[in-house]
Amino acid sequence: MLVVIVGGGKTMKRVALILFFLALLSILYPSNCDAALKLFVGENEVALKHPLVMINGNFMIPADVFEAYFDAQVNIDASSGNIELVFPGQTILMQLGVESALVDGRQYKLDVPPQLVEGEYVVPVRFVANRLGLSLVFDQDIMGLRLETPGEKKSPVRSFTSSLIREPNEAIGQEQGEEPDAEEAPREPIVLHHPDEEQDLQEIIFMGGPRSRVFLNLQSYTGYQTYLLQEPDRLVIDLFGVGGDALPMVETQDHPVVRSIRSSRFDEDTMRIVFDLNGSTGYRVHPWPEGGLEVEFNFQLTALELQEAEDQLELRFRASAAPIIEAVHLEDPLRLVLDLQDTTLMIPSFDKPMGQGRVVRLRASQHTPSVTRIVLQVTEPVSPLPVEQLEDGVFALPLFLGTVREANDYLASLQGGPTSLPEEEEVLPSGDLSGLTIAVDPGHGGSDPGAIGYHGTFEKDVNLAIGLYLGELLSQAGARVVYTRENDTYVSIFERPAIANQASADLYISVHANAHVNRGTVRGTETLYRAKDPASESLARAVQEELVKAITLVNRRIWGREDLAVFNQTKMPAIMVEVGFIDNADEELLLRAAGFQKVAAQGIYNGIRRFYLENKR
Amino acid sequence: MRWRRGVTTAVVTLILLFVVRTVLYYSSDNGKLQTVTIDMTQPFFAVYFGSPDATTLLPEFHQGIGTIEERLTILLEGPRLDGLAQVVPEDTQLLGFSLVDDVLYLNFSHHLVTNHPGGSSGELITVYGIVNTVIGARGVMRVQILVDGRQVPTLVGHLDLSEPLEKDYELLGGSQI
């Protein structure tokens, strides 16, 4: 900072005073510019203008390091915040503050978006290193980060800082990146996007279903923006970075929510998608990791009434489908709050006194754009039971006259034994699994409840229910089923594999529900399998795919592990299915519903059958 | 007169500065930090916490040589960086530890099990959050977790804890950093 002092006398004194306080200020705010961080590329130290920044565990390095050391051409567009790294062989496009990157048109999630730090564009080094197949290590000797092409490792690196960059989880594109050859002459840079040549918008698929899902199949895009407009009601999505032509209009047949979907070119870079709606409604847009966007519309609640009889109480509603309902009990005054997830209230909000019965007051309102809240003010505790469908579009939410615990006990008493499956048409033709012995292992049990749900559901009960349904499906298909437990008993994780080994089972299917250390924050389905065992892996893949197809929860991953007891003690292909997160309130409500448990069992069964058919010969 | 006004201005400025600084401190999201700058000319070490989506462990770097005590103290206190998840359950205490050859025996209070939310994701994050954090301290190559002084077959019913565990790179997203 340069301060020019002009004049004298009293002005001078005042300026001096200001200067004094500026000096004081600089003491109060210690600058951290002198903490020197080192960055090496191979053997060369990179001169850094500012210390390396680490954000949420990710080191950020200036983009121009790649220009100086890795033959990249770095194009930075300050107005759009686009950072393009053109390497011989691949092009990485990132944008300031945007948590995704395009690598040769393929989209990847970034843990940390690029940033502008003191005038310098910094990018997450781990991501770029992974994409380029570079090794990135901490070197205790140099006290710094070392980035280098794997071929040119010269410095001895200590054992615990040895290079180990493999395909990361964040890379959802399945393509195995070839190792870039250090000796290879630079090729022509690949231009990322040709608006004139590429048809980015491939397809608009109306999938329908209770959430009126629509899939926009996109080859590539850089971003999107949505607008919910009225008169007439419509949802507009502008897709940026989308080249090619618009597609013909998609019309739905008498769909309650979406009438038609149109696309049109808005400008050179932008494709506009318009959803013509039958009424204003909440929606969600999910970018798919493999590319493309899915749009889901809320459930529509069109009527609501309370039915009260002598010892029966139920809430009847008319809706496009039954939403997930989260219940909260409040006191003073005693209230039951029901949050209908992803639901739009199509009738006006109301708040009315109800008279003499148990329910004193009934309120309904649009609590948030995606949650419809129903509040029952009651004189005695009531607890919701699973929703029943009365007829097409009409649902009943029976209310148990008692506390949640009593309601759970009541539900448990109803589920005494596994009820036989209703005559549901099978997704796959009924197969012949005779000759197969399958070990079904419902996780936890007895004194070990497993994870405990937000509303108090025990994982062991969910696992057992799904496991028994699964066993039933497998026996119906002719397989011999060996259970590690068939009731609520404790069996150690070392006894379980022994049971399967003893029975010479051909497959081992462990059924679990998941939980996270940050309770309730994560959702989705994953399947673990014995690492380095191709049969287990392909079994896991088939089961995960079929299960996710059946229950439509978030598809997390399949994951090879060696350290789980059911993997390192069993001899046959083995998987552990984590159907959903029981500590997540939404998924817990699903997991404890018998209907969902059956669908989950069906999904796992479909996966096992698929694996069997694929590997029969 | 002017001079006195100057002094008043100065005092007011000082007070203002103080207030602004305090506000800045508290407004940084309950003391959670977004950015940490490490002086790598000095020794530093990593303590591992859960990623928000429960799929990986992410490092939080700290200045110092990272003795076993230092690492475990920070691990039990929980992450300072925003967006990282605590890996050990509430109330968990370290009752003691001993290094025998290259195996570090860590003795935790029963809360490690009784307060654990469960789930295979949760168990893997907890166990390897601990294991990956202490491996790297001088002499530690493997870790055996004990609960209330006893060897346990598993924490919450998935992982086999009957043998000492090694550092898991899979959970670090395949990377060292």
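I started at B:V143 and skipped its neighbours within four places in sequence. I found it in contact with B:L104, B:L106, B:I130, B:V131, B:V134, B:I135, B:P164 and B:L165. By contact I mean that C-beta atoms, placed from the backbone, lie within 7 Å.

I noted what I was working with. This is a predicted model, where local features need pLDDT of at least 70, side-chain atom pairs count only at pLDDT 80 or more, and totals for chains, interfaces and linings use all residues. Residues are numbered from 1 along each chain as its sequence is written, while chains are lettered from A and ligands numbered from 1 in the order in which they are written.

**Cores**

I looked up the largest nonpolar core and found 104 residues. A:L470, A:I509, A:I575, A:I604, B:I130 and B:V143 touch the most other members. Helix α5 (residues 459-476) of chain A gives the most to this core, with nine residues. I then found a second, separate core of 38 residues, with A:I61, A:A72, A:L102 and A:Y121 among them. A core here is a set of buried Ala, Val, Leu, Ile, Met, Phe, Trp, Tyr and Cys residues joined through C-beta atoms within 7 Å. Buried means 20 or more other C-beta atoms within 10 Å of a residue's own.

**Chain B**

I counted four helices and seven strands in chain B. These are DSSP runs, numbered from the N terminus: H or I of at least four residues for helices, E of at least two for strands. Along the sequence I read α-β-β-β-α-β-β-α-α-β-β. Buried residues make up 40% of the 177 in this chain.

**Sheet in chain B**

I traced an open sheet of four strands in chain B, in the order β4-β5-β6-β7, with mixed pairing. Strands pair if DSSP finds at least two bridges between them. In chain B, β4 (94-100) and β7 (150-151) each have a single partner strand, so one side of each is left without a neighbour in the sheet. Six bridges join β5 (residues 103-108) to β6 (residues 142-147) of chain B, and the two run parallel. B:Y105 stands opposite B:Q144 in β6(B). Helix α4 (residues 120-134) of chain B packs on the sheet and touches β5 and β6 of chain B.

I moved to chain A, where β5 (residues 73-77) and β6 (residues 82-87) run antiparallel, joined by five bridges. A:D77 has A:N82 as its bridge partner.

Terms used:
Buried ≥ 20, exposed ≤ 12 C-beta atoms within 10 Å, placed from the backbone. Contact = placed C-beta atoms within 7 Å. Axes fitted to C-alpha atoms, helices over the stretch in contact; angles between N-to-C directions.
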